[in-house]
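Dear colleague,

Please find below the structure that I am handing over to you. My notes on it follow, and I would be grateful if you read them with the structure open.

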Amino acid sequence: MTALRIEKLRKRHGGRPALDGVGLTVEAGAFVALVGPSGSGKTTLLKSINRLVEPDTGAISIDGRDVREMPVAALRHGIGYVIQSIGLFPHMTVAENIAVVPRLTGSGEDRVAELLELVALPADFAGRYPRELSGGQQQRVGVARALAARPRLMLMDEPFGALDPVTRDSLGRAYRALHDRLGLTTLMVTHDIAEALLLADRIVVLIEGRIRADCAPAGLLASTDPDVRAMVDVPRRQAERLAAL
Amino acid sequence: MSPAFAEAVAELPALVRAHLLLSGSAVGIGVLLGLPLAILSARHARVRTPVLGLAGLVQTVPALALLALFYPALLIVGRATGLAIPALGFLPALIALSLYALLPIVRNAVAALQGIDPGVLEAADGLGMTARQRLTLVELPLGAPVILAGIRTASVWTIGAATLATTVGQPSLGDLIFSGLQTENWVRVLTGCAAAAALALAVDGLLALVESGLRHRSRRRIRLGLAVLVAALGLALAPDPRGAGGETIVIGAKNFSEQYILASAIERRLRAAGYRTERRDNLGSTVAYQALAAGDIDVYVDYSGTLWTNILRRADTPPPEAMRAELATRLRERDGVLLLGPLGFENAYALAMRRPRAEALGVRTLDDLTRAAPRLHLAADLEFLTRPEWRSVRSRYRLRFAGQRSYSPTFMYRAVADGSADVITAFSSDGRVAALDLVTLADPRRALPSYDAVLLAAPGTDRRVVDALRPLIGAITVERMRRANLMVDRDADKRTPAEAARWLDPAP
């Protein structure tokens, strides 16, 4: 079943094309990594889906519904959104942060304890403020907040990019497990090719606003495109040098 | 306790209430107006530039001038619209102070809203908050400490600037400061300053408590701070505890000792007749007359020559009786103002010199002065050099001084006493003329009109008010007025204007 369909998306930023005719179809339950150099249009593509960016032309539909026909607030309530800067509300407790979307939709559903457990945080964190938490703990709360309204689609913009390597690795694996357990569809922007190769089922490479490669991790490693090869060679050579030590 | 201090303290409760009400309302309006402006400014650079520019511009106008500007502005608006807009008192003071409070409130609120972490705002948008939800759930709570810091600054400024409201006829703690300065009654000045400073510190402290409550998310501190502030404003708003009953008559006075004394004498007469009274001291010369014509004040004392030249714009100088008779007719026709009669003395402008200096130079008349003037310095009061009388004196006697400066009356007398000026624009009823051994120079060409003190009442003033004041007509000789003035103006054994009024008119 198709969870997300993107057709002929174009967006110009001050004369320069950020997206130059992008088309993409994502099946429900897929974990897709969007990779590419800085300025290749990854974030613009991601933000077009929850309409933080309005594309110039093209169409996006989620579960068969055009996103432009949905009220923007309702559209976003139904999509989990996790960003590199985390963006927890510093004046709210962990519990208030997690419950913010149910509060906006008025569902009044209290899943704080359940969600804390889901992201492997102790229950007594509920009453703490974000500043009392480490970066990794904060992003766990960020993930819990994104999941609070039971979204089926998750958009993640370099979610673990600001964390130290150990935390980054463990949080990445923990999220992948959650993705499988909850049957989510995930689109994750990342700079880190190794992270993409290890976490995702499918990798989409964007270069200068166009899709240059779209395949499973194993396929990417076998790519003959010189630009794609240059990207995947970095982690491969690092692994070889590490093994040689 | 000295009588001056006791008198100042007795006036304090009413003045503190008026002061608090005025500055509280001004800051309130500043917040109601400033926050929406700041929200718009933070979102749109096209709004921000003119709003911050305009608020900054208002701030560069001296507070005193800003207050003074709203009196004629409101008069014009009142005339243009035909509405009964009070041009004197609370309204002009409120508008000027609200504008003054705007800058710190807007500037801080814009900084607060623009200083919020963009990641937090992106999360708010990404989670599906509407613009309004983002404002109320995220931006205002996060900006609150900085926004409140701006309100604190505005409150302290406004409480300080509200002392100037006295000059547009709005009672405030400035009443004590201005009248104290004029009569060199430092006890009054210090009482007024100390009370204003204490008020500012108290409000600042309470708002600091609320601010720290916001920073540390302590509802207790927020509630305590706000509760005390609201209670204080509530007290200021509550009806006067001295109780109602009796009609209130508003008495005006210009900004010198004689005016305070006469206003006190009028006040005593009216209170004896069962009226409640309010004072509007320190009014400018033309402001006082226009305020009377507009009914903002009910009664005050002016001088025939001043009315003749400033209001009727006449340059001729008829004999005193003829001038008074014509004034009574013309003012009634023109504005409905009632001239109740002369008090019995004249307070004329007269050029005066210290006797030894005048004798050494052989100056006895203004004709003599014409010769000596190029080597002499003139010290004038704040109004004289812009008045028609000065143009008339200057042209008829071809006077050219080596230098001329304006002083407030007290300092003008000081200037002639210490020799920094040779000639001053003295007042004939002033006690200091005799005390400093000044000679007033004769005016053979009749350049200066006569300045009989006359009692004026607003259009439609009640017959009984007029009757209550009638005993003052013709009752005050120039000698008695000089002595009363000297009691207030001298340095030793200084009396308050109220005490001098009791001596001047003991009857009621």
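Predicted model: local features only at pLDDT ≥ 70, side-chain atom pairs only at ≥ 80, totals over all residues.

Two strands are said to pair if DSSP finds at least two bridges between them.

Strand β1 (residues 2-13) of chain A and strand β2 (residues 16-27) of chain A are joined by nine bridges and run in the antiparallel sense. Within this pair, R12(A) lies opposite P17(A) of β2(A). The two strands make a hairpin with two residues between them, and G14(A), in the turn, has a positive phi of about 55°.

Chain A as a whole

The secondary structure of chain A consists of ten helices and ten strands. Its radius of gyration is 18 Å, close to the 18 Å that the globule rule gives for 245 residues, so chain A is as compact as a globular protein of that length. Taken along the principal axes, the C-alpha atoms of chain A fill a box of roughly 55 × 50 × 35 Å. Of the 245 residues in chain A, 42% are buried. When contacts in chain A between residues at least 6 apart in sequence are considered, 68% of them join residues at least 24 apart.

The six-stranded sheet of chain A

Chain A also contains an open sheet of six strands, with mixed pairing and the order β6-β7-β8-β3-β9-β10. Its edge strands are β6 (79-83) and β10 (210-215) of chain A, each of which pairs on one side only. From one strand to the next, the twist averages 15°. Helix α10 (residues 226-244) of chain A packs on this sheet, where it touches β3 (31-35), β9 (202-207) and β10 of chain A. The direction of α10(A) makes about 60° with that of β10(A).

Inside the sheet, strand β7 (residues 153-157) of chain A pairs with strand β8 (residues 185-189) of chain A in the parallel sense, over five bridges. M154(A) has T186(A) as its bridge partner in β8(A).

Chain B as a whole

There are 21 helices and ten strands in chain B. The C-alpha trace of chain B spans about 90 × 55 × 50 Å along its principal axes. Buried residues account for 49% of the 508 residues of chain B. Among contacts in chain B between residues at least 6 apart in sequence, 78% join residues at least 24 apart.

An enclosed strand in chain B

Which strand of chain B is largely enclosed by the rest of the structure? It is strand β8 (residues 423-427) of chain B: five of its five residues are buried, so the strand is largely enclosed by the rest of the structure. Both faces of β8(B) are covered, with V423(B), T425(B) and F427(B) buried on one side and I424(B) and A426(B) buried on the other.

Two strands of chain B pair with β8(B), as described next. Strand β5 (residues 349-354) of chain B runs antiparallel to β8(B) and is joined to it by five bridges; here Y349(B) has F427(B) as its bridge partner. Strand β6 (residues 377-381) of chain B pairs with β8(B) in the parallel sense over two bridges, and A379(B) stands opposite I424(B).

Nonpolar cores

The largest nonpolar core has 151 residues, and those with the most contacts inside it are L97(B), V106(B) and V299(B). Helix α4 (residues 90-114) of chain B supplies the largest share of this core, 15 residues. Leaving aside residues up to four places away in sequence, L97(B) touches L22(B), S23(B), A26(B), T158(B), A161(B) and A162(B). A second, separate core of 78 residues includes L34(A), L115(A), A149(A) and L137(B).

Where the chains meet

How many residues of chain B are in contact with chain A? There are 14, and they are in contact with 16 residues of chain A. On the side of chain B that touches chain A, the elements giving two or more residues are α5 (118-126) and α6 (131-161) of chain B. The most comes from α5(B), with six residues. The residues on this side of chain B divide into seven nonpolar, five polar and two charged.

Helix α6 of chain B also contains P141(B). P141(B) is partly exposed, with 16 other C-beta atoms within 10 Å. Between P141(B) and R215(B) there are 74 residues of separation in sequence and 9.9 Å in space, C-alpha to C-alpha.

With kind regards

Conventions: Residues numbered from 1 in each chain as written. Chains lettered and ligands numbered in written order. Contact = placed C-beta atoms within 7 Å. Helix = DSSP H or I, 4+ residues; strand = E, 2+ residues; numbered from the N terminus. Nonpolar A, V, L, I, M, F, W, Y, C, P; charged D, E, K, R; others polar. Rg over C-alpha atoms; globule rule 2.2 N^0.38 Å. Buried ≥ 20, exposed ≤ 12 C-beta atoms within 10 Å, placed from the backbone. Core = buried A, V, L, I, M, F, W, Y, C linked by C-beta atoms within 7 Å. Axes fitted to C-alpha atoms, helices over the stretch in contact; angles between N-to-C directions.
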